[in-house]
Amino acid sequence: TRNLIGQIACARATLALTRYDPQTMRAQALRALEYLPADNLTFLFTANWALASACLLQGDRAGAARACQETVAISQKSPSVFSKILAASMLGNLQKLDNQLPQAAVTYRRVLELAGEHPHPNVGGVQLSLAQIYYEWNDLDGAERHGELSLELTRQFDLLIDRFIISEVFLAHLKLARGEGAGAAALLAATEHSARQQHFTARLPEIAAEQVRVLLQQGQVAAAAQLAWQYELPLSRARVLIAQND
């Protein structure tokens with residue numbers, strides 16, 4: 001009975017991730033860890049992975065690091081390659097957040113080796129993270145290559161999960177960096193349409209933030225200001241105020 005309660009809690013924690021509900025994720029993951037027996041490695045891994053994800057969403061990096069260490073330790077005992085991929089991806093995410101970009105890049109490349117020639121769509125997040133790292137290193141060609149691979153993988157979710165939007169926003173940002181404002185605007189318009197059509201409203205602010213950058217580059221300060229204030233984007237508002245010489 002305790003094992004079953006723990007597995008149900010794992011399922012609830014995982015489902016809460018699709019709603020970006022870190023409070024439920026964290027509570028259910030902790031409940032799962034309380035009830036699961038020590039030999040149920042599969043669900044113990046899931047509970048710790050969900051806990052790490054919840055901590056990241058809440059900005060608790062220390063909690064995420066502790067849970068991530070558990071996922072790595074469990075994955076090393078498990079024959080599941082998928083567990084190893086998820087654990088290493090989480091480790092890479094933490095390294096990237098701590099600005100340890102060379103270490104994160106090595107970790108992400110290890111994930112790609114584990115994933116093989118026909119990776120699961122989840123590996124799209126790893127490709128995107130590598131794209132962002134290459135962008136920080138000013139290697140725009142490398143960033144574009146990994147960004148396109150990320151979009152190709154995330155689209156395999158058949159628009160049921162919103163990860164493709166993150167990849168498209170990044171590629172629009174990359175177009176803007178190359179001076180292709182019109183191309184960036186067109187891509188963002190299509191992305192916004194998809195987000196509204198699929199009811200991925202949680203992604204609208206980050207789409208709008210990138211649209212603000214495009215509008216400012218095009219000199220459309222009033223339109224940029226409207227978006228920045230509509231979506232309550234502090235950094236975008238700051239960019240608008242700079243453009244207004246305020």
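**Contacts, burial and cores**

Tutor: Val 212 touches Ala 224, Leu 227, Ala 228, Ser 236 and Val 240, leaving out residues up to four places away in sequence. Contact means heavy atoms within 4.5 Å. This is a predicted model, where local features need pLDDT of at least 70, side-chain atom pairs count only at pLDDT 80 or more, and totals for chains, interfaces and linings use all residues. Residues are numbered from 1 along each chain as its sequence is written, and side-chain values use heavy atoms, without hydrogens and water.

Student: Why is Gln 211 called buried?

Tutor: Its relative accessible area is 14%. Buried means under 20%, exposed over 50%, partly exposed in between (1.4 Å probe, protein chains only). So Gln 211 counts as buried.

Student: What makes the pair Gln 211 and Glu 192 a polar contact?

Tutor: Their side chains are joined at 3.1 Å. The definition asks for a pair of N or O atoms within 3.5 Å; within protein, one must be able to donate a hydrogen and the other to accept it, and residues adjacent in sequence count only if both atoms are side-chain atoms. So 3.1 Å falls within the cut-off.

Student: What makes a set of residues a nonpolar core?

Tutor: They are buried Ala, Val, Leu, Ile, Met, Phe, Trp, Tyr and Cys residues joined through side-chain atoms within 4.5 Å. The largest such core has 46 residues. Val 212 is among those with the most contacts inside it, as are Ile 165 and Phe 170. A second, separate core has 26 residues, including Ala 32 and Leu 94.
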